[in-house]
Amino acid sequence: LGYHQVTDPPGSTRPPRPHGDLVRTAHLLSEELLLAYAAGQSSEAMSLLAAAHLSLNPQAREVVARLEQTLAAGMESAPVASLAKDALPMLLARLDEAPETAVVVPRPALKTGFEIPEPLWPYLQNRDWKSVVPGRVKQVELGVRIGQTPLALVSMRPGFHVPTHSHHGAEFNLVLTGGFSDLDQDFLPGDVSERGPEHEHDMRVHEDGPCVVLVARDGPLIPR
């Protein structure tokens with residue numbers, strides 16, 4: 001996912017920043033993206049990211065619940081004339097359909113050391129870690145993409161530093177376990193870091209343990 005493309009410059013003496021001194025706020029997906037998820041208009045990749053985010057972050061669930069109520073209220077107030085002529089027959093046909101049998105997906109055998117969010121389970125069956133930076137970074141791809149870039153779980157060792165860089169497109173990092181600092185902010189489990197091509201930033205994993213993130217990125221990293 002590009003982590004091998006940026007490394008600390010030779011002779012760098014920048015000390016790690018203690019994450020206890022950083023600003024602590026909840027970091028949610030933007031309301032625009034959560035609204036698209038609530039309305040069923042997200043891509044498969046972004047729906048997966050949002051579902052995992054909601055499974056870990058109660059504040060994100062509250063936002064989506066509010067958005068769903070707003071969408072429902074809008075549908076109830078829509079004039080009857082605005083509905084397609086075949087809307088009622090289609091709805092009745094769907095009600096007559098036999099309910100689908102729920103598919104039970106087992107927990108993945110992937111070794112993580114933490115509970116993998118259930119929305120990710122179907123995408124991690126029979127998959128394993130691959131080394132990206134030997135001894136420091138490993139990843140497992142999920143088989144779903146944003147453009148040409150696959151979603152992936154990325155595991156980084158304590159203190160690992162991704163130096164200042166930008167992106168060809170958007171990047172989302174959902175923290176599943178551990179934490180990292182980025183632009184003087186602290187990201188902990190359930191938080192999402194959302195960066196666009198206009199952002200230059202660096203990331204440093206907290207020293208108190210490894211960090212695993214779900215990364216969704218629609219372009220490679222651009223080292224400074």
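The model is predicted, so local features require pLDDT of at least 70 and side-chain atom pairs pLDDT 80 or more, whereas totals for chains, interfaces and linings use all residues. Residues are numbered from 1 along each chain as its sequence is written, and side-chain values use heavy atoms, without hydrogens and water.

Begin with the whole chain in cartoon view. Four helices and eleven strands are present (DSSP runs, H or I of at least four residues for helices, E of at least two for strands, numbered from the N terminus). Of the 224 residues, 41% are buried (under 20% relative accessible area, 1.4 Å probe, protein chains only).

Next, select residues 31-38 (helix α1) and 44-56 (helix α2). Their axes, which are lines fitted to C-alpha atoms over the stretch in contact, come within 10 Å and cross at roughly 100 degrees. The two helices are therefore roughly perpendicular (65 to 115 degrees, on a scale from 0 to 180 degrees between N-to-C directions).

Show the side chains here. Leu33, Leu34 and Tyr37 of α1 are in contact with α2 residues Met46, Ser47, Ala50, Ala51, His53 and Leu54 (heavy atoms within 4.5 Å).

Finally, select His206, in the loop between β9 (201-205) and β10 (211-217). His206 counts as buried because its relative accessibility is 4%.

Technical notes
Buried means under 20% relative accessible area, exposed over 50%, partly exposed in between (1.4 Å probe, protein chains only). Angles under 35 degrees count as roughly parallel, over 145 as roughly antiparallel, 65 to 115 as roughly perpendicular and the rest as oblique.
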